Amino acid sequence: ELLDLAAKASGVDLWWDGDSPREVVQHWSGNPEDGGETRDYPWNPLADLDQAKNLRHRLCLSTGYDDRFFGPCAYATYPTGPDSCNSIMQSVAEAGGKRAALRRAIVRAAAEIGKAMQEKH
């Protein structure tokens with residue numbers, strides 16, 4: 001559900017192949033008027049840093065690390081209106097490390113945006 005909501009927020013079309021989400025992408029061979037070919041690629045920003053960064057940029061999220069108040073954590077801040085925002089904080093686990101926490105914070109923030117979009121419709 002987390003990945004579905006994050007995909008909705010960022011405009012990514014997903015389909016599931018068993019337990020694996022796949023992004024559906026339209027590729028054009030030569031001239032777009034000649035027709036296109038639809039392909040799918042694995043999509044999991046929880047596991048892929050480049051995909052998480054792409055998600056962050058698509059949604060204009062701010063991210064970083066902090067250890068002053070809550071212990072080591074990654075955060076993603078997302079807009080909730082013209083003059084407001086919320087932050088999602090994800091603790092840094094020893095096993096996963098900072099990058100895993102950052103990816104999870106980005107996906108959780110994107111999922112919150114997707115959830116808000118779903119509630120509006």
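**Close-up views of the predicted model**

Cys60 counts as exposed, with a relative accessibility of 62%. This residue and the other sites shown below belong to a predicted model.

**Figure 1. Cys60 in the loop that follows helix H2.** Cys60 comes after H2 and lies in the loop between H2 and strand S4 (62-66). The phi angle of Cys60 is positive, at about 55°, although the residue is not a glycine. With a relative accessibility of 62%, over the 50% cut-off, Cys60 is classed as exposed.

**Figure 2. Overall arrangement of the chain.** The chain contains 3 helices and 6 strands. Along the sequence, these elements follow the pattern α-β-β-β-α-β-β-β-α. Of the 121 residues, 31% count as buried.

Figure 3. Helix H2 spans residues 49-58, and its buried residues are Gln51, Ala52, Leu55 and Arg56. These four lie on the same side of H2 because they cover an arc of only 145° around the axis. Residues three or four places apart in an α-helix point the same way, because such a helix has 3.6 residues a turn. Asp50 and His57 are exposed on the other side of H2.

**Figure 4. Side-chain contact at the start of H2.** A side-chain oxygen of Asp48 comes to within 2.9 Å of the backbone nitrogen of Asp50 at the start of H2. Asp50 is also one of the exposed residues of this helix.

Figure 5. Trp43 is located in the loop between strand S3 (36-42) and H2. With a relative accessible area of 5%, Trp43 is buried, since the cut-off for this class is under 20%. Trp43 and Leu14 are separated by 29 residues in sequence, and their C-alpha atoms are 8.1 Å apart in space.

**Figure 6. Lining of the largest pocket.** The space in the largest pocket amounts to about 180 Å³. The lining consists of Leu59, Tyr78, Pro79, Thr80, Glu112, Ile113, Ala116, Met117 and Lys120. By class, these residues divide into 6 nonpolar, 1 polar and 2 charged. Strand S5 (73-81) and helix H3 (97-120) each contribute at least two residues to the lining. Helix H3 gives the most, with 5 residues.

**Figure 7. Salt bridge between Glu112 and Lys115 in helix H3.** Glu112 and Lys115 form a salt bridge in which the closest N and O atoms are 3.6 Å apart. Side chains of opposite charge can pair when their charged atoms come close. The two residues are separated by about one helical turn, because they are 3 residues apart in H3. Both partners are in the intermediate accessibility class: Glu112 counts as partly exposed at 28% relative accessibility, and Lys115 counts as partly exposed at 35%. Glu112 also belongs to the lining of the largest pocket. A search of the whole structure finds 1 salt bridge.

Methods: Residues are numbered from 1 along each chain as its sequence is written. This is a predicted model: local features need pLDDT of at least 70, side-chain atom pairs count only at pLDDT 80 or more; totals for chains, interfaces and linings use all residues. Side-chain values use heavy atoms; hydrogens and water are left out. On a 1 Å grid over the protein atoms alone, a cavity is a set of points where a 1.4 Å probe fits but cannot get out, and a pocket is an open set with protein on both sides within 12 Å along at least five of seven lines; lining residues have an atom within 4 Å of a point. Grid points are joined across faces, edges and corners, and a volume is the space filled by probe spheres set on the points. Ala, Val, Leu, Ile, Met, Phe, Trp, Tyr, Cys and Pro count as nonpolar, Asp, Glu, Lys and Arg as charged, and the others, Gly among them, as polar. Buried means under 20% relative accessible area, exposed over 50%, partly exposed in between (1.4 Å probe, protein chains only). The arc is that of the directions from the helix axis to the C-beta atoms. A polar contact is a pair of N or O atoms within 3.5 Å; within protein, one must be able to donate a hydrogen and the other to accept it, and residues adjacent in sequence count only if both atoms are side-chain atoms. A salt bridge is a side-chain nitrogen of Lys or Arg within 4 Å of a carboxyl oxygen of Asp or Glu.
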